[in-house]
Amino acid sequence: SKFKDGLSKTRDALVGSVEDLFSRRKKIDEEFYEELEEILIGADVGVNTVLKLIDELRAEVKKRKIEDPKELRPVLSEKLILLLKGDENASLKMAEQGLTVILFVGVNGVGKTTTIGKMAHMFKSQGKKVLLAAGDTFRAGAIEQLEEWGRRAGVDVIKQQAGSDPAAVMFDALQAARSRGADILLCDTAGRLQNKVNLMEELNKIYRVIRREVPEAPHEVLLVLDGTTGQNALNQAKLFDEKSGLSGLVLTKLDSTAKGGIVVAIRQELKLPVKYVGLGEKMDDLQPFDSEQFVHALFA
Ligand code: GDP
């Protein structure tokens with residue numbers, strides 16, 4: 001499956017050591033837990049999450065009177081799946097009728113443009129009419145790069161010149177989406193996050209323009225994070241607070257890391273659903289996140 005291939009680096013790093021631990025150890029003792037803790041922390045699952053996970057495993061061992069490590073192995077998968085699932089809905093919220101607006105935010109280089117291109121391709125393959133909005137008017141080359149993805153995916157890009165007001169681009173894009181009867185508008189935004197106040201002001205202005213045109217929009221505000229950057233990705237996410245309106249996450253480049261456990265840490269720390277994951281640079285290397293498939297791809 002796509003998950004198995006895309007996660008092969010993490011899988012190779014994890015499977016051997018987890019398999020080895022569960023088959024080599026004959027009993028579930030302190031050393032067993034310590035070794036498991038090390039393996040999971042090594043995969044970037046995050047210390048807090050690992051400690052929580054180990055506590056839950058201890059409780060299960062007691063409750064189910066498990067003695068053989070092999071019996072605990074499926075319990076680990078179960079617990080991980082639950083941690084990843086959370087309470088929120090992982091599928092994208094779409095307009096019941098009319099236009100769906102999805103906004104992408106995130107620092108430069110995390111894979112925002114690539115993700116928009118992949119998603120444009122995905123929706124287009126489903127027969128939807130897609131438009132892109134070149135809302136990153138700040139970074140040199142951002143507009144051209146989005147246009148390149150637009151060409152590849154076969155969808156139009158609404159743009160203004162570099163340096164123009166992103167909110168004005170959004171306004172244009174909404175008008176265009178309306179007059180062309182688009183189903184989905186995917187909006188790029190600037191990725192300079194060094195100044196939280198400016199970032200929030202820019203986002204809020206964009207929100208106001210969008211809401212004036214489509215009151216229930218944006219339907220999704222997706223924060224794109226680079227899965228290879230570990231703790232740094234978490235810090236980027238913390239620039240956004242409750243007021244920033246994030247509705248979900250996209251984690252990119254999971255194919256390039258052996259530390260895919262970061263997905264679990266991010267899921268736990270941020271309390272936002274992971275909606276999609278990037279598993280490569282190509283157009284169809286974007287997958288809706290599914291915690292069961294994810295955990296099974298890592299351990300099955
Ligand atoms: P942006 O600045 O956030 O718009 O980032 P880009 O979309 O330009 O992506 C930055 C780099 O990451 C590019 O070289 C992309 O090809 C690469 N990239 C994006 N997503 C993925 C992914 O899921 N896997 C891999 N391996 N590379 C990715």
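This is a predicted model: local features need pLDDT of at least 70, side-chain atom pairs count only at pLDDT 80 or more; totals for chains, interfaces and linings use all residues.
Residues are numbered from 1 along each chain as its sequence is written, and side-chain values use heavy atoms, without hydrogens and water.

Next, display the polar contacts (pairs of N or O atoms within 3.5 Å). A backbone N or O atom of Gly109 is 2.6 Å from a ligand oxygen atom. Select Glu281, whose polar side-chain atom lies 2.6 Å from an oxygen atom of the ligand, and then Lys118, where the corresponding distance is 3.3 Å. The protein buries 82% of the 580 Å² that the ligand exposes when taken alone, by the Shrake-Rupley method with a 1.4 Å probe.

Move to helices α2 (residues 8–24) and α5 (residues 69–85), which pack at an angle of about 145° with axes 8 Å apart; helices are DSSP runs of H or I with at least four residues, and strands are runs of E with at least two. Axes are lines fitted to C-alpha atoms over the stretch in contact, and angles run from 0 to 180 degrees between N-to-C directions. Val18, Glu19, Phe22 and Ser23 of α2 meet Pro69, Lys70, Leu72, Arg73 and Leu76 of α5, contact meaning heavy atoms within 4.5 Å.

Finally, select Pro218 in the loop between α9 (196–213) and β5 (220–226); the peptide bond from Ala217 to Pro218 is cis, with omega near -5°.

Notes:
A polar contact is a pair of N or O atoms within 3.5 Å; within protein, one must be able to donate a hydrogen and the other to accept it, and residues adjacent in sequence count only if both atoms are side-chain atoms.
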